Amino acid sequence: MSDIDKNNNDLPRIEDLSEEEIYKMIQEDMENIEPPESLSPANIEKKLQGVTQQAASGSRRRWIYVAGLAACLALGVMTGIITYSLIKGGGADSSPAETVAEAPADPGSDAGQTTQGAPVTSYSGEGTESAELGYGEVCDIINNYNESMNIRYRGNDYIEYEEEAITEEEADAGAPAAEEASAADNAGDMSKGAETTGASNSDGASSDYSRTDEQVAGVEEGDIVKTNGKFIFTVERSTFGYTVHIIRPDGNNSQEIGSVEINSGTCAEMYIYKEKIITIGYDWGVIPGDINGNSNGNRVKTNIAFIDFSNPAEPKHIKTHTQSGYFNTSRISDGYLYTFTEDTYIGEKYDREEPRTFVPLLDDLPVAEDRLTRAGEEDTNNYMVMSSISIDSPMGFTDTLAVLGGGATYYMSTENIYIARPNNNFNGMGMRGFSYNNEPVTSINKFKYEKGHFLKGPNTSFRGMIQNSYYMHEFQGNFAFVYTTYDTDWTELNGLCVLDSNLSKLGELRNIAPGERIYASYYIDNMAYFVTYRNTDPVFAVDISDPKNPTLKSELKLPGFSSYLHSFGPDMLIGIGYGDASKDGDQWDNSAKISLFKIGEDYDITEISKLFTDQYDYHIADQNHKAIFVDEERGLIGLGLGNYQNWDETTGLERTRYVVYQLQGKKLVKVMDTYKDKDLGFFSMQEARGVRIGETFYVCEPSGVLKAYDISSDGKEWKESK
């Protein structure tokens, strides 16, 4: 018996035990359990005689460890698991990968209930069976891949593969196009823009406020500044981690009323859901470069923290979950948080009996075998890890899926998740994601999700590459995407393809704008709009209402280029890029350019207005679409600008500014510019955000509100709010 159980009179309550004490108790109890004769090593060995393990492609494959070990531990492990599950409050419906750690009870929720709804049991497409992988098979796949890479790199006198990890961004580029400025997360898809009316509140909060721009309506995205109409929430790096600030908005008299510090890691994204704050980011306490050792404490982790702000003056940290891998992206849909990380195991020859060293961990426990699968047939050492957590009951993971093959670009509709990734094939020059004919090859995997549960769907591969999620779109059950590829002479070619629910091709439009590449894309229902650039700025409009026959409706060529597109009312698009503001017209990229496009009755596109900012300005639109404020109803667009020549001589710092333009008739007029406020301190263009609550516009940074302005519609410059 464990020490704490020797004296029944001193038996502590379960809720008073630490996690380490519970583990110790279970372990010591297991050591004192005598297994029945049927589970003796001799009988187990007899039962295993003549049993063969089939390794057919796509079939379920389990690896059986040493018979003696199984015999000694089978009953004890089962007892420990059941005991631990009962202690933690997990029921029979809990996810196989679920792990629930001790934490303060979540006010107003069932802390022990960690699995919500029913698992997804059916899928409308073909080829949807999820082949389960045993730990041993996963280990062999990773080891085979690492060995082949070691041989490849040594044979070509490349740097030792064990010494340098290839990041997803580097792997996704792979081609000469990587040397050019890549199209960032730009534009949106089925989006209402940043301006979305929130739900009405009965606690004095405004029901009219802006939201972070969403690619898909109903699928929320995170950011570093949020509002719920009653408060403004910002997140700031601090000495030990980061601090979440809760600010009561009152124009330029806005004040912080509460804050909470998370003493570990960083925050890349934040959500506000009812009375909870959710923050997601990587744990800076780990060593990102030290990914060759077996010590999982040194592997990159993603932290997911939940904070209760029912009392905004004293917000309480509820729980932090950890998930292996680099943070890629996240979404909220139907009351669940979905988090996607990329976890890579490089260089090692891993031990098949030590799954902790080669399987992603959630809350420090390896993903269960029946939640491991693979994205394709080729060997790999990279996972894409998908997890879900019920926000109402966030004490444990609802479900997780670790997919060998890795991910790069994620698109999430209200029912499905599409993941585009460069194929693991290599060309003759050792470039990942290319065939031997130097063709870029991309794999697409589809997953269904419902109430926090995942189900693997079909997959396919095609010649070409998808730069970011805004090149993808789900419409009427079909999946459309624009892509760039290369011919054998490395000439860039572009196209648009439509797939059915099983990812089989329905229709395609090929060889668009040879010699150019796509810089921005935006979808509105059945219409795909995208911009290419080489010497001019063609804006294309393609109708996908007939999925078997995508039709090019319009092509408009303009000087300069747009790296961001967004709807701007029912019949307009707005584009942000760069153009030539000089009189002689000998340079196209010396100024940020904002264009307003009119969409005609037959989808003809015309540029009805354009403006240039100051010479040598650059903008945030091609770096982070979430930093753009778009209010289609009021005709407002706000963004951060920088200028390489605009330096403060005293501090040596570059002065950035936040500007807002308003649609007046058929042209855009600048109505706000923080640069005119000489008393305004320096702030980061990357971190500045615009937030609207009612008729007040707030320019915010991580520490709080920078400046507030009264919104007016008379076309005159906005005044500072009192």
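This is a predicted model: local features need pLDDT of at least 70, side-chain atom pairs count only at pLDDT 80 or more; totals for chains, interfaces and linings use all residues.
Student: Which order do the strands have in the open sheet of 4 strands?

Tutor: In general, strands of a sheet pair through backbone hydrogen bonds, either parallel or antiparallel. Strands here are DSSP runs of E with at least two residues, numbered from the N terminus, and two of them pair if DSSP finds at least two bridges between them. In this structure the open sheet has the order S16-S17-S18-S19, with antiparallel pairing. Strand S16 (409-412) and strand S19 (453-463) stand at the edges with a single partner strand each, so one side of each is left without a neighbour in the sheet. From one strand to the next, the twist averages 20 degrees. S16 pairs with strand S17 (residues 416-422) in the antiparallel sense over 4 bridges, and Thr-409 stands opposite Ala-420 in S17.

Student: How many residues of strand S21 are buried?

Tutor: A residue counts as buried under 20% relative accessible area, as exposed over 50%, and as partly exposed in between, with a 1.4 Å probe and protein chains only. Strand S21 (residues 478-486) is mostly covered, as 9 of its 9 residues are buried. Asn-478, Ala-480, Val-482, Thr-484 and Tyr-486 point one way from S21, whereas Phe-479, Phe-481, Tyr-483 and Thr-485 point the other way.

Student: Which strands pair with S21?

Tutor: Strand S20 (residues 472-475) pairs with S21 in the antiparallel sense over 4 bridges, with Met-472 opposite Phe-481 in S21. S20 and S21 form a hairpin with 2 residues between them, and Gln-476 in the turn has a positive phi of about 55 degrees. S21 is also joined by 8 bridges to strand S22 (residues 492-499), and these two run antiparallel; here Thr-485 stands opposite Leu-493 in S22. The hairpin of S21 and S22 has 5 residues between the strands, and in this hairpin Trp-490 takes a positive phi near 65 degrees.

Student: How many aromatic pairs does the structure hold?

Tutor: Rings of Phe, Tyr and Trp (its six-membered ring) pair if their centres lie within 6.5 Å, and planes under 30 degrees apart count as stacked, over 60 as edge-to-face and the rest as tilted. The structure holds 20 aromatic pairs. The rings of Tyr-411 and Tyr-418 have their centres 6.0 Å apart and their planes at 50 degrees, so the pair is tilted. Phe-629 and Phe-697 have ring centres 5.0 Å apart and planes at 90 degrees, so this pair is edge-to-face. Phe-629 lies in strand S33 (residues 629-631) and Phe-697 in strand S38 (residues 696-701), so the pair ties together parts that are 68 residues apart in sequence.

Student: Which residues form one aromatic cluster with Tyr-411 and Tyr-418?

Tutor: Phe-462, Phe-479, Phe-481 and Tyr-483 form one aromatic cluster with Tyr-411 and Tyr-418. Tyr-411 is buried, with a relative accessible area of 1%, and Tyr-418 is buried with a value of 0%.

Key
Residues are numbered from 1 along each chain as its sequence is written. Side-chain values use heavy atoms; hydrogens and water are left out. Axes are lines fitted to C-alpha atoms, for helices over the stretch in contact, and angles run from 0 to 180 degrees between N-to-C directions.
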